[in-house]
Amino acid sequence: MLETLTVKDAVELAVVERNGFIESRHAGAAVVLSPTGEVVSAHGNTQALILARSSLKPLQAVACLTAGAPLVGEQMGLSTASHAGTDRHVEVVRAMLADGGLTEDDLRCPADWPSDSATRTELVRDNGQPARIRMNCSGKHAAMLRACVATGWSTHDYLSPEHPLQVHIRDVVERLSGERIAATAIDGCGAPVHVLTLLGLARAIHRIGSASERSPFALHRVAGTLVRTVRELPWTIDGPGGADTIAIEKLGVFAKGGAEGVMVMIAPDGTTVALKTLDGSLRARTIVAATLLARAGAVSDAQVADLAASLPLAVLGGGTAVGAIRPGAGI
């Protein structure tokens, strides 16, 4: 059976400190690539296999766009999002569907409540119900459907691993990562998600992050436009108070977290981080990635400190901060 990194493969990425006592530790692996793509630092087993989860979305979005999905601006941003389900997000996804002659019924992601607490509270007060379009992956699914419409592929079975769109996505992932997909699973939203090495994911993300919009190759032009669009519209990829949105706003990076503690982050100069926490925890991944970028000289320590102040890293005792989640000895 294939599996991700083991305890022996991992290093201490972060610790949780309470009143000077280290209460918990988050282990995992991380890799940093230079602006030209060389490995700057490796922490733990970077050749370990991981399920990229939603950190794969930028690659899936590039594949949908190269397959013909005619998305620009906010719609392009939503194509790579794990959005918060706010009315603003939903309005864009509805437009993505309507512009392709599609409706919410064409989505094959499960119904869900919005992750944005204010939106969820308002829906509950209005006797609303979970909806597919509120699910955080609905933008990705809408992009997949738009690619199918543009290419003339069937839409009812677009999530089948054998569907032409999913075959195209696998091809794009392999081309960008430079490695063969080790296995395919089904993500929480129902779409195929692929197994790569952590280093392979980093290389793929680096390639889209350093791609030029003026490249003679369509794949690179699309990737460059996607990354620029998300940096200009950070609310699209996550939402108010979301860690990815905050990181983009504070650091000017491209950031995309995935379930089970996966994170990719690209600095403006192309320096790239990919990491995976062994226990699947999400709470430390953004500050760890940002810290690694700072240690590579891609962002400043002051920027990272400003980011940390905006993330929920405080450890509370009686409602007062008595400690913090912070990077660990392994990085």
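## Strand β6 and its partners

In which sense do strand β4 and β6 pair, and over how many bridges? In this predicted model, strand β4, formed by residues 49-51, pairs with β6 in the antiparallel sense over 3 bridges. Within this pairing, I50 of the structure stands opposite L196 in β6.

Strand β5, which covers residues 183-186, also pairs with β6 in the antiparallel sense, here over 4 bridges. T184 stands opposite H194 in β6. The hairpin of β5 and β6 has 5 residues between the strands, and G190 takes a positive phi near 100° in this hairpin.

## The crossing of helices α9 and α11

Helix α9 spans residues 243-251 and helix α11 spans residues 301-310; their axes come within 10 Å and cross at roughly 150°. Because angles over 145 degrees count as roughly antiparallel, α9 and α11 are described as roughly antiparallel to each other. Their crossing is right-handed.

On the α9 side, the contact is made by I246, A247, K250 and L251. On the α11 side, the contributing residues are Q303, V304, D306, L307 and S310. Sorted by class, the contact of α9 with α11 has 5 nonpolar residues, together with 2 polar and 2 charged residues.

Methods: Residues are numbered from 1 along each chain as its sequence is written. This is a predicted model: local features need pLDDT of at least 70, side-chain atom pairs count only at pLDDT 80 or more; totals for chains, interfaces and linings use all residues. Side-chain values use heavy atoms; hydrogens and water are left out. Two strands pair if DSSP finds at least two bridges between them. Helices (H or I, at least four residues) and strands (E, at least two) are DSSP runs, numbered from the N terminus. Axes are lines fitted to C-alpha atoms, for helices over the stretch in contact, and angles run from 0 to 180 degrees between N-to-C directions. Angles under 35 degrees count as roughly parallel, over 145 as roughly antiparallel, 65 to 115 as roughly perpendicular and the rest as oblique. A crossing is left-handed if the near helix is turned anticlockwise from the far one by less than a right angle, and right-handed if clockwise. Contact means heavy atoms within 4.5 Å. Ala, Val, Leu, Ile, Met, Phe, Trp, Tyr, Cys and Pro count as nonpolar, Asp, Glu, Lys and Arg as charged, and the others, Gly among them, as polar.
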